[in-house]
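Here is a short briefing to read with the model open beside you. Take a moment to look the fold over, then follow the points below.

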Amino acid sequence: MLIVTTNGIEGKELEVLGLVKGSTIQTVNLVKDIGSGLKTLIGGELKGYNEMMGKARDQATSRMIEEAEKLGANAIVGVRFATSAIMQNAAEVMAYGTAVKVK
């Protein structure tokens with residue numbers, strides 16, 4: 001599956017199949033959350049949150065690809081990611097784009 005952030009693929013004719021999306025809501029465990037809270041006092045990278053968001057992006061992308069495959073797509077164009085806080089220490093990550101068939 002070809003995935004691009006551009007709205008087209010140069011030199012290729014595309015058949016638009018529709019919007020596809022994938023999302024997940026993730027949170028870190030309590031121990032990592034307490035560690036991250038202490039890290040805010042001294043500064044530095046919040047590795048537990050980086051890992052959580054990386055996993056969430058991967059899962060959202062996989063779900064978006066599954067939806068595109070069900071439509072018969074072989075590519076997704078215009079891919080974007082959106083995040084939002086759902087509750088304290090939990091975030092939703094959504095991946096979305098346009099499923100297409102490259103001719």
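This is a predicted model: local features need pLDDT of at least 70, side-chain atom pairs count only at pLDDT 80 or more; totals for chains, interfaces and linings use all residues.

**Strands, helices and one glutamine**

Ile3 sits opposite Ile76, a residue of strand E3.

- Strands E1 and E3 (residues 75-87) run parallel where they pair, with two bridges between them.
- Helix H2 (residues 47-70) packs on the sheet and touches E1, E2, E3 and strand E4 (90-102). The direction of H2 makes about 145 degrees with that of E2.
- The sheet is open and has four strands in the order E1-E3-E4-E2, with mixed pairing.
- Its edges are E1 (2-3) and E2, each of which pairs on one side only.

**The protein as a whole**
- Two helices and four strands make up its secondary structure elements, and along the sequence they follow the pattern β-β-α-α-β-β.
- Of the contacts between residues at least 6 apart in sequence, 75% join residues at least 24 apart.
- Buried residues account for 32% of the 103 residues.

**A look at Gln26**
- Gln26 belongs to strand E2 (residues 14-27).
- Gln26 counts as buried because its relative accessibility is 12%, and the cut-off for buried is under 20%.
- The Gln26 side chain makes a polar contact with the side chain of Thr24, at 3.1 Å.
- Beyond its neighbours within four places in sequence, Gln26 is in contact with Met52, Lys55, Ala56, Gln59, Asn89, Ala90 and Ala91.

Conventions
Residues are numbered from 1 along each chain as its sequence is written. Side-chain values use heavy atoms; hydrogens and water are left out. Buried means under 20% relative accessible area, exposed over 50%, partly exposed in between (1.4 Å probe, protein chains only). A polar contact is a pair of N or O atoms within 3.5 Å; within protein, one must be able to donate a hydrogen and the other to accept it, and residues adjacent in sequence count only if both atoms are side-chain atoms. Contact means heavy atoms within 4.5 Å. Two strands pair if DSSP finds at least two bridges between them. Axes are lines fitted to C-alpha atoms, for helices over the stretch in contact, and angles run from 0 to 180 degrees between N-to-C directions.
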